[in-house]
Amino acid sequence: MSIGNVTIRQLQDSIEAHRRLLSAANQKAEEAQGQLIRIGLDYCGQQFDHLQKNGLVLETASPEILGDLISNSLKITLTGVDHQSLNWPERLNELNRRVESLQKEVDLQTRRANQAEEKLLQLQKQASSLDQSLISERMKKEKVPVVETPKMSVDKQTEWFQLWRKKKGFERDKLIVLLIGEAGYSRRSEIHKIVVQKFGLGERAAYRGVEACQDEELITTRSGVSVQGRPTDLVFLAEKGRWAYTKLTGKSPVPGELEMLLKSHKSERHTSLILKTADYFTALGFLVERQPVEIKIGSDRFFQPDLVVSKDSETFYLEVETGEREDRTSLVHKWENAYIVGAGRLCIVTPRLGVMNTAQSMILNWATENGKKPNLYLTHLDALKKCKQGDSPWVRIR
């Protein structure tokens, strides 16, 4: 199931809920109308029958018209009657109070129905905008990259390539180059894991494959940022590796995952936190969209969640907070966009509990200042690390 389908389904569910609200409001208004008609028929039946014969449709008459009809009819009926003995003034006052109360109820339900209709229209526009944004993103990702052969000495590389193919570890090393070139994986630990799981190599063979590619100058490595425990090495295709990938496949390699994410996020630490969060949610059975997705929510307004994850037809737009100092204006702008796209739900992931509590406090202060009531879904990496299949990833929902 695609992220786009899940998102649109979630919005359609929200729209359907507002339609039900509108239907309930209309039903209450109809009940109030029915009460006015019942009072009129009980106490002014002859006059109401006469008006109906003259074309008045009671069910579509406004509450004001029905109230005036009841009041005027009772005044006519009471003319010449001993009001004191029949206690008509008190009964008339009671009826007027009931009519006024019912009119207020009708007004209230009408306002609620109008508000529900306005909300419905807003959600329909939002759903259309999100649909177009997701279609645009999918079209961008479906574009086939143009083959670009790195600018190197072709004769020299062709000679090297023939020698490389004859080496004992060629098939193993080729898998490493293809994996990085096709998927853009940037973390050494993840590459080891996928080579073992996908291609059935042993852990030592996977490790040796990466080492051999480094010795052949097909890849370069450097230390990454520590998020939890020992930092993983980062792996990138070198110029020779890019040439080899093109030679093997006839295509240009995709940009490295880390390179792509760094263009969209604040820092390498932030990017590393996002990737680690993606790992944990994937392990819990979520479908994770790692590549940045830009969602249009207005004519010139866009929102780019750090991650989009889904499970059991439910989609979460995750904001990964580092706990580092950040401009409040940009934070507020981000929360507002996430609030809109998430239909009032804000999903926050932090490195640890203390940062999570601080983020919650800041969001609630912002919400109070702006009259918003978000549904908060909060978690942190220390808790996610302990989660197992079937566990909820959320430490706190409020």
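Tryptophan 160 and tryptophan 164 are both buried in this predicted model. The two residues lie four positions apart in helix α6 (residues 154-165), so about one helical turn separates them. In total, the structure holds 14 aromatic pairs.

Another aromatic pair is formed by phenylalanine 316 and tryptophan 394, and this pair is tilted. Phenylalanine 316 lies in strand β7, while tryptophan 394 lies in the loop between α15 (381-386) and β10; the pair therefore ties together parts 78 residues apart in sequence. Phenylalanine 316 is buried, with a relative accessible area of 5%. Tryptophan 394 counts as buried at 11% relative accessibility.

The two pairs are listed below.

| Pair | Centre to centre | Angle between planes | Class |
|---|---|---|---|
| Phenylalanine 316 and tryptophan 394 | 5.5 Å | 50° | tilted |

Strand β7 is part of an open sheet of six strands, ordered β3-β6-β7-β8-β9-β10, with mixed pairing. At the edges are β3 (287-289) and β10 (396-397), each of which pairs on one side only. Within the sheet, strands β8 (residues 345-350) and β9 (residues 375-380) run parallel and are joined by six bridges. Opposite leucine 346 stands leucine 376 in β9.

Two helices are placed against these strands. Helix α14 (residues 353-369) packs on the sheet and touches β8, β9 and β10, with its direction at about 160° to that of β9. Helix α13 (residues 328-341) lies across β7 (314-320) and β8, and runs at about 125° to β8.

Elsewhere, helix α7 (residues 170-183) and helix α10 (residues 239-249) have axes that come within 10 Å and cross at roughly 100°. The two helices are therefore roughly perpendicular to each other. On the α7 side the contact involves Phe170, Lys174, Val177, Leu178, Gly181 and Glu182, which meet Gly241, Tyr245, Leu248 and Thr249 in α10. By class, this contact has five nonpolar, three polar and two charged residues.

Threonine 220 lies in strand β1 (residues 219-223). With 38% relative accessibility, threonine 220 counts as partly exposed. Leaving aside residues up to four places away in sequence, threonine 220 touches Leu234, Val235, Phe236 and Ala238. The C-alpha atoms of threonine 220 and glutamate 239 are separated by 9.5 Å, and these residues are 19 residues apart along the chain.

Definitions and conventions: Residues are numbered from 1 along each chain as its sequence is written. This is a predicted model: local features need pLDDT of at least 70, side-chain atom pairs count only at pLDDT 80 or more; totals for chains, interfaces and linings use all residues. Side-chain values use heavy atoms; hydrogens and water are left out. Two strands pair if DSSP finds at least two bridges between them. Contact means heavy atoms within 4.5 Å. Axes are lines fitted to C-alpha atoms, for helices over the stretch in contact, and angles run from 0 to 180 degrees between N-to-C directions. Angles under 35 degrees count as roughly parallel, over 145 as roughly antiparallel, 65 to 115 as roughly perpendicular and the rest as oblique. Ala, Val, Leu, Ile, Met, Phe, Trp, Tyr, Cys and Pro count as nonpolar, Asp, Glu, Lys and Arg as charged, and the others, Gly among them, as polar. Buried means under 20% relative accessible area, exposed over 50%, partly exposed in between (1.4 Å probe, protein chains only). Rings of Phe, Tyr and Trp (its six-membered ring) pair if their centres lie within 6.5 Å; planes under 30 degrees apart count as stacked, over 60 as edge-to-face and the rest as tilted.
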